[in-house]
Every structure is written in C-alpha cells, then in structure tokens.
Amino acid sequence: MKIYFGHSKDFDYENEYYKPIEENERLQEETLIFPHKYEKNNKHTREFYTGLDLFIAEVSYKATGLGIELGFASDLNIPIYCFYKKGTKPNSSLKCITNEIIEYESTEQLVKYIENIVLKLSKNKK
C-alpha cells in the first residue's frame with residue numbers, strides 16, 4: 001500500500017510525525033511517503049497523487065499547501081484520514097473531503113490509529 005503523510009511545516013514533523021511512524025514494524029511493510037523527508041521542494045503535480053492508496057493528514061496546524069494536496073486526493077477518491085492533536089481545532093472545511101477526522105492525545109496513539117487503518121484497508125483489498 002502506498003501511503004502519503006501530509007502535514008503543515010509548523011511543527012517538528014521529523015520527530016513528532018515521521019520518526020514514530022517509520023519505527024512502527026507493521027507500517028514498515030508499506031510504501032511510506034513523507035513529503036519533506038528527502039527533498040526540500042516537494043511540490044507535486046496532481047498526477048503524483050493518482051498512485052496513492054491512502055492519504056494520512058496531520059491537520060493540527062494550518063497549511064494552505066496541505067489543503068491543496070487534500071483537494072487533489074479528494075478529487076481522485078483516495079481514502080483520506082485526518083488527525084489532530086487534542087487541544088487544537090481542525091479546520092471545519094475538512095468535513096467536505098472526509099468523515100474521518102480523528103483526535104489523538106499522544107504520538108503513540110496516533111501511530112496505533114494509523115496502523116489499525118492500514119490493517120483494515122489491507123484486509124479490504126484482498
């Protein structure tokens with residue numbers, strides 16, 4: 001499964017988002033795409049998103065670029081799951097693209113949610 005992890009640049013995404021996800025044994029079996037991991041200018045065309053199986057978005061912080069990416073994924077009917085940290089308020093417009101807007105309290109909880117989603121979608125693909 002090819003999974004894209006969108007997010008704002010306004011937090012320590014390397015340590016709070018990428019690293020815990022990459023360290024999860026089950027998720028290591030998938031193709032994980034982190035937009036700022038290897039390239040500084042990661043502007044993708046709409047065509048890039050056609051190859052995705054799942055779009056996971058950390059939406060605790062505002063990000064115009066993330067909104068554009070979510071729009072591309074939504075247009076292509078890619079499953080979208082949005083996560084926000086307890087104590088933050090996600091943008092209400094997210095409801096236009098997904099019903100999966102999930103609050104989490106810790107990084108461990110976030111990773112567990114993602115792992116469960118991937119397991120569920122993998123079973124449905126078989």
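Reader: Thanks! Let's start with charges: how far apart are the mean positions of the positive and negative ones?

Author: In this predicted model, the mean positions of the 18 positive and 20 negative charges of the protein chain are 4 Å apart. Lys and Arg count as positive and Asp and Glu as negative, while His and the chain ends are not counted. Each charge is placed at NZ of Lys, CZ of Arg, CG of Asp or CD of Glu.

Reader: Great. What pattern does the chain follow along the sequence?

Author: The pattern is β-α-β-β-α-β-β-α, with three helices and five strands in the protein chain. These are DSSP runs numbered from the N terminus: helices are H or I with at least four residues, strands are E with at least two. The radius of gyration is 13 Å, close to the 14 Å that the globule rule gives for 126 residues, so the chain is as compact as a globular protein of that length. That radius is taken over C-alpha atoms, and the rule is 2.2 Å times the number of residues to the power 0.38.

Reader: And what percentage of the residues is buried?

Author: Buried residues make up 43% of the 126. Buried means under 20% relative accessible area, exposed over 50%, and partly exposed in between (1.4 Å probe, protein chains only).

Reader: Which residues of helix 1 are buried?

Author: In helix 1 (residues 13-22), they are Tyr 13, Tyr 17, Tyr 18, Pro 20 and Ile 21. The buried residues of this helix pack against strand 1 (2-7), strand 2 (31-33), strand 3 (54-58) and helix 3 (107-125). Contact here means heavy atoms within 4.5 Å.

Reader: Nice. Which residues touch the most other members of the largest nonpolar core?

Author: Of its 21 residues, those are Phe 5, Tyr 17, Ile 21, Leu 54, Ile 56, Phe 83 and Ile 114. Strand 1, helix 1, strand 3, strand 4 (80-85) and helix 3 each supply at least two residues of this core, and helix 3 gives the most, with six. A nonpolar core is a set of buried Ala, Val, Leu, Ile, Met, Phe, Trp, Tyr and Cys residues joined through side-chain atoms within 4.5 Å.

Reader: Switching topic: is Glu 69 buried or exposed?

Author: Glu 69 counts as buried, at 11% relative accessibility. It sits in helix 2 and, leaving aside neighbours within four places in sequence, is in contact with Tyr 4, Gly 6, His 44, Tyr 49 and Phe 55.

Reader: And where is Asn 77?

Author: Asn 77 lies in the loop between helix 2 (64-75) and strand 4. Its phi is near 60 degrees, a positive value in a residue other than glycine, and Asn 77 is exposed, with a relative accessible area of 69%.

Reader: Last one: what does Tyr 113 contact?

Author: Leaving aside neighbours within four places in sequence, Tyr 113 is in contact with Phe 83, Ile 102, Glu 103 and Tyr 104. Tyr 113 is in helix 3 and counts as partly exposed, at 30% relative accessibility.

Terms used:
Residues are numbered from 1 along each chain as its sequence is written. This is a predicted model: local features need pLDDT of at least 70, side-chain atom pairs count only at pLDDT 80 or more; totals for chains, interfaces and linings use all residues. Side-chain values use heavy atoms; hydrogens and water are left out.
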